[in-house]
Structures are given as C-alpha cells and as structure tokens.
Amino acid sequence: MRAIDFRSDTLTQPTPAMRRAMAEAEVGDDVYGEDPTVRRLEATLAELLGFEAGLFFPSGTMANQTALLLHAPRATEVLAPEGAHVFEFELAAPGMLAGTLVRTLPAPLGRPDPEALARAVHAGPHQAPTSLFWLENTHNLAGGTVVPRETTRALLEVAQERGLRTHLDGARIWNAAVALGQPPAAVARGFDTVMVSLSKGLGAPVGSVLLMPESLLGEARRYRKVLGGGMRQAGVLAAAGLVALDGWERTIAADHAKARRLAEGLRALGYGLDPEPETNMVYLKTQDAPGFVRRLETVGVRALPLGSDRVRFVTHRDLSPEDVEEALSRIAGL
Ligand SMILES: Cc1ncc(COP(=O)(O)O)c(C=O)c1O
C-alpha cells in the first residue's frame, strides 16, 4: 500500500522540469557574487516582494538567523508571536548565534495584539532592551493561519514608533498571499527584512531568500558566510527555485482546496479540528496524538503529531485530490 504522506509541504520531490533546469543551469562562484542563476533568482524575488535586494540561503533557518544577526545586537530581546518557528524549532540558535533572547507574545491564531506589543517593549535599565519585532505569516504552529493586513499594519506601526527593527518569517508567505487575495509584496510591505522559502509549498528541493534594503546586503553576505552558507556553484539549486515560481499561485490555491476538502471529510467522520483551516494545514484534535498517528500508519496515512493532543496534516503538490479522497476512505476504515 502506497503511503499518503501529509506530514509536511517540505516532502515534495523536484519535478522533471526542475531537474532539467538544475542540470542545465548556468553557474559561477556565488561567494564571488558570480553565479548568474542565483543572481536571477535573487533579483526575481526582490522584485516580486518589493525589496531592493535578495540573498539566497540554503535554509529558512539560516536566513532567519541572519536576520537576527542583522537586527538584534547581543543581549537584546526579540518579541515574537508564541509558537513562532524561531522560538520553537530553531534549537535555541538565537541564544547561541546572535546572543539574543526571544520573548513570546500571546498570539491567538498567530496574531499578536498591537496593544500587547506596545506594553511588552522593554526600554528601562533593568531589562534587556527590545531590539526587534518578529512576525510569522502564515503561522505554522498556530495552524497555518494568516495574519490579516490590518493587524500587520497596526503591529508595524507600534514597532516603528518604539524604534524596533522588524522581520517577517514568510516561509509560507505564498499561502498568506493566496488566502488574503493579495500579492506577496502587500504581505511583505513595511518589514525591514522578509524571509521566503522555495522549499515548502512551492516544491523546490532547497532554498530560501532573505529580502532586504541594499544597505544591509554586504553585512548579510558576511553573516551568511560566517554561518557556513557561502555556497559556490549554487545556481544548480537556484535554478529549481526559479522553476518553482512558475505558476505558484495555482499550486498554492490547489493545496488550499485540498486542505478544505480534507477538513470537510475529517469533520464528516466525526473528528474535531482546531483552528478552522485557512491555508494548507489541517490540525486535528485528539486525546492521544502519537497513538492516533500510529493508527493512521497502519492504513498507510502519515501525519505529524504536535504535542500530545494535535495532529498536523499538510497538503502539498505531490498529493492529488484523489489522494485526499483515498486517505479519507482509509481513515474511515480505522
Ligand atoms: C514558519 C517557518 N519558518 C522557518 C522555517 C525554516 O525553514 P528550513 O526548514 O528551510 O530551515 C520553517 C520550516 O519548516 C517554517 O515552517
């Protein structure tokens, strides 16, 4: 029985068009800034996101950590929504690499309250000064939820009033843009830096890009090298990223439709979902997440337990609408 794998949108295999583009990519030494394919990807994304410059990274984690190094001096504090990837899943890297502390703000559905942000900013002599406000859109652990533009605008206003730098973890900005019916540049607008991933819903095998003003580019290149991310003929990877951008709206909209259908089917089988799916993620509530995932495995369906009582299903390009129907009928047989 073929496994139907909903664990993550990072599981997608490169398409034949990506593999061809990788094989044929024109390349150079990117540490010297001489890889034409990397430069093309960086320029394409800078334009799409409305920034002056972009820098290609092997991972979203490394691009996020570079943003911290750019914005948050040692022994300062970063305010981020609870459940943020940088806090939960980057293995204490902010403390280890940038020497900063991430403090989380309450954020139902990944949306911090602007007034709570204003109250949380430290300025006095007895606490670490706050240097950076961090947002994640879509917010992974909150349920693939979308931060509406008005909320983002209000948060950025507070952050800027208080003199904070701002960064958006836009690993899934594509999903936010489609759900909001806005271009990605509108979701990215107003932040000092934005990280976007090519290796999640867009399906490239590797790569994230950090968008920034031209004035930060030299420093960002230096930090990337410090972190071990100075790649040489990286155009073989960037080439797949360029192909991944072809028709991205269609790919992402299809993923959202599959997630809606999966949610509807799971509800019809009596399962509770929380929150209401907004993008490509469906979070199922159960009393025993690891046990439920083991039972799913027995019928060839894979999903990810998160904590003791939630199971995450993510739709992606390598799962068809028929796979979703097949998974639902397998789950019905449990
Ligand atoms: C919201 C978010 N940010 C950052 C990352 C890190 O990306 P990478 O796995 O490429 O390091 C992820 C990965 O899943 C993510 O979900």
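Two strands pair if DSSP finds at least two bridges between them, and strands themselves, like helices, are DSSP runs numbered from the N terminus (H or I over at least four residues for helices, E over at least two for strands). With that in hand, let us walk through this predicted model, in which local features need pLDDT of at least 70, side-chain atom pairs count only at pLDDT 80 or more, and totals for chains, interfaces and linings use all residues. Residues are numbered from 1 along each chain as its sequence is written, and side-chain values use heavy atoms, with hydrogens and water left out.

Start with the whole chain. The protein chain holds 15 helices and 13 strands. Its radius of gyration, taken over C-alpha atoms, is 20 Å, close to the 20 Å that the globule rule gives for 334 residues, so the chain is as compact as a globular protein of that length (the rule is 2.2 Å times the number of residues to the power 0.38). The C-alpha trace spans about 60 × 55 × 35 Å along its principal axes. Of the 334 residues, 57% are buried, where buried means under 20% relative accessible area, exposed over 50%, and partly exposed in between (1.4 Å probe, protein chains only). Contacts here are heavy atoms within 4.5 Å; among those with a separation of 6 or more, 74% join residues 24 or more positions apart.

Now step inside, to strand β7 (residues 193-197). Here 5 of the 5 residues are buried. Side chains in a regular strand alternate between the two faces of the sheet. In β7, Thr193, Met195 and Ser197 point one way, while Val194 and Val196 point the other. The strand has a partner in β6 (residues 165-170), with which β7 pairs in the parallel sense over 4 bridges; His167 stands opposite Thr193. Strand β8 (residues 208-212) pairs with β7 in the antiparallel sense, also over 4 bridges, and there Ser208 is the bridge partner of Ser197.

Pro213 is 20 residues from Thr193 in sequence, and their C-alpha atoms are 7.7 Å apart.

Leu216 leads us to helix α11 (residues 214-226), where the buried residues are Leu216, Leu217, Ala220, Tyr223 and Arg224. What covers them includes β6, β7 and β8, along with α2 (36-49), β2 (53-57) and α3 (60-71). After α11 comes Gly228, with a positive phi near 90°.

Arg222 lies over the face of Tyr223, at 5.0 Å from the ring centre, and Arg224 over that of Phe57, at 6.0 Å.

Our last stop is an aromatic pair, one of 3 in the whole structure. Rings of Phe, Tyr and Trp (its six-membered ring) pair if their centres lie within 6.5 Å, with planes under 30 degrees apart stacked, over 60 edge-to-face and the rest tilted. Tyr271 and Phe292 have ring centres 5.4 Å apart and planes at 55°, so this pair is tilted. Tyr271 lies in the loop between α13 (248-268) and β9 (272-273) and Phe292 in helix α14 (residues 289-298), so the pair ties together parts 21 residues apart in sequence. Tyr271 is partly exposed at 22% relative accessible area, whereas Phe292 is buried at 4%.

Methods. A charge sits over a ring if NZ of Lys or CZ of Arg is within 6 Å of the ring centre and within 35 degrees of the ring normal.
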